[in-house]
Amino acid sequence: MNHYLSPTMKQLLVFFLLLVFAVPVSSNEIPLVSNIYSRNSICLNGKWNYIIDPLENGYYDYRLEPSRRGFFLNRKAEEPSDLVEYNFDTSPTMDIPSDWNSKDPNLFFYEGTVWFKKDFKINKKEGVKYILYFGAINYESKVYVNGKKVGEHVGGFTPFNFDITDFVEDGNNFVIVKADNTRHRDAVPTVNTDWWNYGGITRDVFVAALPETYIEDYLVQLNKNNHQEIAGMIKLNKPVAGQTLTLEIPELKIKKQFSSDANGQIVFDIKKVKPELWSPENPKLYDIIISKDDETITDRIGFRSIETQGKKILLNGKHTFLRGISIHEEAPFRQGRAWSREDAVTLLGWAKELGCNFVRLAHYPHNEHMVRVAEELGLMVWSEIPVYWTISWENEDTYRNAEKQLRDMIYRDKNRAAVVIWSIANETPHGSSRDAFLSRLAAFARSQDSSRLISMAMEVTFSTNNMNRLKDNMSEHVDVISFNQYIGWYRNTPEEAANMIWRIPYDKPVIISEFGGGALQGKHGDKGERWTEEYLEELYRQNLSMLDKIEGFSGVTPWILVDFRSSRRQLPGIQDYFNRKGLISNWGIRKKAFFVLQHFYKKKQEEFK
Ligand code: GCB
């Protein structure tokens with residue numbers, strides 16, 4: 001190993017070690033198997049039987065002796081006289097991944113517990129580890145294999161996995177999941193959000209079959225201070241020394257062998273390479289092969305740098321304007337949670353059509369396909385955790401929960417060149433306990449990743465007449481100042497935007513992380529009439545020309561690409577439980593404002609050529 005690391009290399013090393021050792025995982029959860037899509041695995045997507053359990057009867061059937069209680073046992077009546085009051089096999093099935101709200105009309109507004117069961121076969125072999133992996137379950141889950149509990153997880157948008165080697169048998173097995181999307185005051189997010197609380201097993205499920213000693217994690221990254229250096233680490237799941245690990249990047253003619261240290265890891269730093277850099281104009285990805293004698297992992301990785309200089313954002317050293325759009329993880333056309341590669345291709349294809357080079361994946365980590373497809377299409381990504389509105393700032397458990405979601409988001413996507421900003425919060429009311437909570441989170445994000453920018457969506461707190469000032473103690477903790485503002489919708493008229501003056505008193509780039517208004521696609525009228533496409537069109541025109549005058553204006557992610565379900569949007573005939581601020585309707589039809597933004601982005605693209 002190189003003992004003469006430059007300061008940046010040392011920082012990187014500290015980052016790796018933090019990543020490796022400062023990982024507090026809940027008792028049965030094991031560190032995430034990186035890049036599940038390249039592992040030897042069986043996919044458990046498909047039909048799962050389910051039982052709706054609003055009264056938590058699955059645990060508390062007190063008439064039974066404790067050893068026979070619990071749906072997770074999957075008991076069957078063995079004698080005609082046996083009393084068993086549930087049966088997974090005769091219960092309905094649901095396609096997984098999905099959200100139950102859009103799959104079963106009885107569950108449209110449902111919040112509570114649903115039990116799921118899936119049978120699977122394993123050809124169990126000695127010396128193989130079986131890892132059960134969930135892309136996400138919203139919000140709380142308890143997982144059982146063959147009637148025994150393997151673990152639990154909290155947080156609706158991050159992946160987790162359990163080692164089930166000792167739970168599975170050769171031949172038939174079953175997994176039962178108790179998923180519960182009940183909202184809690186102290187949870188992350190808390191009880192009040194402007195999106196649908198979709199419940200269920202919402203992302204891909206796998207059982208990976210891995211060698212006893214397997215490659216758990218890796219990082220392959222450009223040195224941001226030297227574009228001719230690729231640095232990173234590879235880590236085994238065990239502290240095995242002397243294991244040969246190979247890293248190949250064929251297109252760059254790199255093939256290096258390393259030997260793991262006593263911690264079961266290697267840290268590398270490859271000099272004098274000249275990778276073509278990843279950018280929206282040239283989203284170049286390299287095939288990467290990481291292997292050892294009994295295992296091969298492939299990935300596609302891009303190399304780029306992202307930094308700020310005064311009020312500018314520099315991508316690969318070049319001043320860049322982020323032509324963005326905010327997106328919820330909401331499936332176009334069929335309504336419900338998006339989860340597949342196809343969903344990602346549709347949503348991000350629309351972002352490309354708008355002329356975007358950037359997307360804000362709001363307000364929680366989206367599924368891995370979204371980030372990977374964004375990377376392939378040349379879209380930079382803002383990725384966020386659901387620290388949204390009024391979190392329980394003084395509750396240490398709430399902090400821990402938020403920190404874990406932040407860590408898991410960074411851990412999963414650290415190899416994605418597309419991700420340029422980690423966002424730690426959205427629209428949080430000012431106060432000292434909020435500042436303490438968020439500054440701790442920002443410092444934590446930096447300890448996990450020093451190669452990307454940190455931001456959060458702030459709010460304008462000071463405005464008199466036409467003067468708008470941003471004053472937020474969190475400004476010193478972020479790299480990019482971002483804020484949401486709704487002139488023309490929640491404040492003032494669209495026309496009044498013309499007279500607005502903005503003062504952002506920080507020497508940092510400024511992104512407007514939200515602006516927008518509601519329009520029902522197909523409703524036409526005067527530009528002064530709410531909910532018409534013409535109103536929204538005017539609002540976009542006025543806002544864009546206002547924002548363009550802000551000093552340090554470095555990007556914008558209007559709210560939002562597509563109309564999305566929200567139970568707080570109740571106006572009959574207009575909203576019908578949809579937030580109508582989309583530039584595209586939930587049926588995929590572009591509203592007039594879409595073309596205003598498209599035009600603006602053409603202009604910006606020219607300006608920043
Ligand atoms: C906001 C929130 C976003 C809402 C939006 C709205 O400021 O950040 O989650 O959906 O406003 O439509 O009001």
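Let's start with salt bridges: the structure holds 55 of them, counting a side-chain nitrogen of Lys or Arg within 4 Å of a carboxyl oxygen of Asp or Glu. Keep in mind that this is a predicted model, where local features need pLDDT of at least 70, side-chain atom pairs count only at pLDDT 80 or more, and totals for chains, interfaces and linings use all residues. Residues are numbered from 1 along each chain as its sequence is written, and side-chain values use heavy atoms, with hydrogens and water left out.

One of these salt bridges brings the side chains of Lys284 and Glu251 together at 2.8 Å, N to O. Lys284 sits in the loop between β18 (265-270) and β19 (286-292), while Glu251 sits in the loop between β16 (244-249) and β17 (254-259), so the pair ties together parts that are 33 residues apart in sequence. Helix and strand labels here are DSSP runs, numbered from the N terminus: H or I with at least four residues for helices, E with at least two for strands. Is Lys284 buried or exposed? Its relative accessibility is 15%, so Lys284 counts as buried; the cut-offs are under 20% relative accessible area for buried, over 50% for exposed, and partly exposed in between (1.4 Å probe, protein chains only).

Another pair is Lys292 with Glu295, whose closest N and O atoms are 3.5 Å apart. Lys292 is buried at a relative accessible area of 7%, and Glu295 counts as buried at 8% relative accessibility.

Now look at Asp548 and Lys603, whose side chains meet in a salt bridge at 3.5 Å, N to O. This pair links distant parts of the chain, with Asp548 in the loop between α8 and β34 and Lys603 in helix α9, 55 residues apart. Asp548 is partly exposed, with a relative accessible area of 27%, and Lys603 counts as partly exposed at 40% relative accessibility. Elsewhere, salt bridges that share partners join Asp299, Glu368, Arg372, Glu375 and Arg416 into one network.

Together, β33, α8 and β34 make a right-handed β-α-β unit; right-handed means that, with the strands pointing away from the viewer, the path from the first strand over the helix to the second runs clockwise.

Strand β34 (residues 553-556) pairs in the parallel sense with strand β24 (residues 322-327) over 2 bridges, and strand β33 (residues 510-514) pairs in the parallel sense with β34 over 3 bridges. Two strands pair if DSSP finds at least two bridges between them. Gly555 in β34 is a handy landmark: Leu322 stands opposite Gly555, and Ile511 stands opposite Gly555 too.

Next comes strand β26 (residues 380-384), where 5 of 5 residues are buried. Both faces are covered, with Met380, Trp382 and Glu384 on one side and Val381 and Ser383 on the other. Strand β25 (residues 358-361) runs parallel to β26 and is joined to it by 4 bridges, and Val359 has Val381 in β26 as its bridge partner. The chain gets from β25 to β26 through helix α5 (residues 368-377) in a right-handed β-α-β crossover. Strand β27 (residues 419-426) is also parallel to β26, again with 4 bridges, and Glu384 has Ser423 in β27 as its bridge partner. Here the chain crosses from β26 through helix α6 (residues 396-413) to β27, in a right-handed β-α-β crossover.

For antiparallel pairing, turn to the open sheet of 5 strands in the order β1-β10-β6-β13-β2. Strands β1 (29-30) and β2 (41-43) stand at the edges with a single partner strand each, so one side of each is left without a neighbour in the sheet. Within this sheet, 4 bridges join β6 (residues 128-134) to β10 (residues 160-163), and Tyr133 stands opposite Asn161 in β10.

Finally, there's Trp587, in the loop between β36 (578-579) and α9 (592-607). Trp587 is exposed, with a relative accessible area of 54%.
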